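Hi,

Here is the structure I promised to pass on. My notes follow below it.

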Amino acid sequence: QLQASGGGLVQAGGSLRLSCAASGRTFSLYGMGWFRQAPEKEREFVASIIYSGGSTNYADSVKGRFTISRDNAKNTVYLQMNRLKPEDTAVYYCAASKSSWYDPNTFNYWGQGTLVTVSS
């Protein structure tokens, strides 16, 4: 089970940190990712991280502004979002993949979303 938190309302240029807590004892075996869905748009990949935390992957739209990280001791994955833009407004979801941390299509365990709203 995945539980995301940390969303909220922030002004453009501001920062937020999302957290996703996972239950279970095999968290460290899963690739973890963040996705988002804006109103009337399809869900899109944001970032992912390998099970060990040693490698990451980002969508071009967030590269240089967002950082994904994980703490396997706490069964938690984070998304630090800096220099937020109004177009980052979306519901953000965390997800897990046991087969591939790099391929967004392999993420098949999903948490509930957390809403991020960036005002201009």
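Start with tyrosine 92. Beyond its neighbours within four places in sequence, tyrosine 92 is in contact (heavy atoms within 4.5 Å) with Leu18, Trp34, Phe35, Arg36, Val46, Phe66, Leu79, Met81, Gln112, Gly113, Thr114 and Val116.

Two points on conventions. This is a predicted model: local features need pLDDT of at least 70, side-chain atom pairs count only at pLDDT 80 or more, and totals for chains, interfaces and linings use all residues. Residues are numbered from 1 along each chain as its sequence is written, and side-chain values use heavy atoms, with hydrogens and water left out.

Now the core. The largest nonpolar core has 33 residues; Trp34, Leu79, Met81 and Tyr92 touch the most other members. Such a core is a set of buried Ala, Val, Leu, Ile, Met, Phe, Trp, Tyr and Cys residues joined through side-chain atoms within 4.5 Å. Buried means under 20% relative accessible area (1.4 Å probe, protein chains only). Strand 9 gives the largest share of this core, five residues. Strands are DSSP E runs of at least two residues, numbered from the N terminus.

Next, the sheet. Four strands form an open sheet in the order 1-3-8-7, with antiparallel pairing (at least two DSSP bridges between two strands). Strand 1 and strand 7 are the edges, each pairing on one side only. Six bridges join strand 3 to strand 8. Serine 19 has tyrosine 78 in strand 8 as its bridge partner.

Last, threonine 76, in strand 8. Its relative accessible area is 9%, so threonine 76 is buried. Threonine 76 touches residues including Ser19, Phe27 and Asp71.

Best wishes

Definitions and conventions: Buried < 20%, exposed > 50% of the residue type's maximum accessible area, 1.4 Å probe, protein only.
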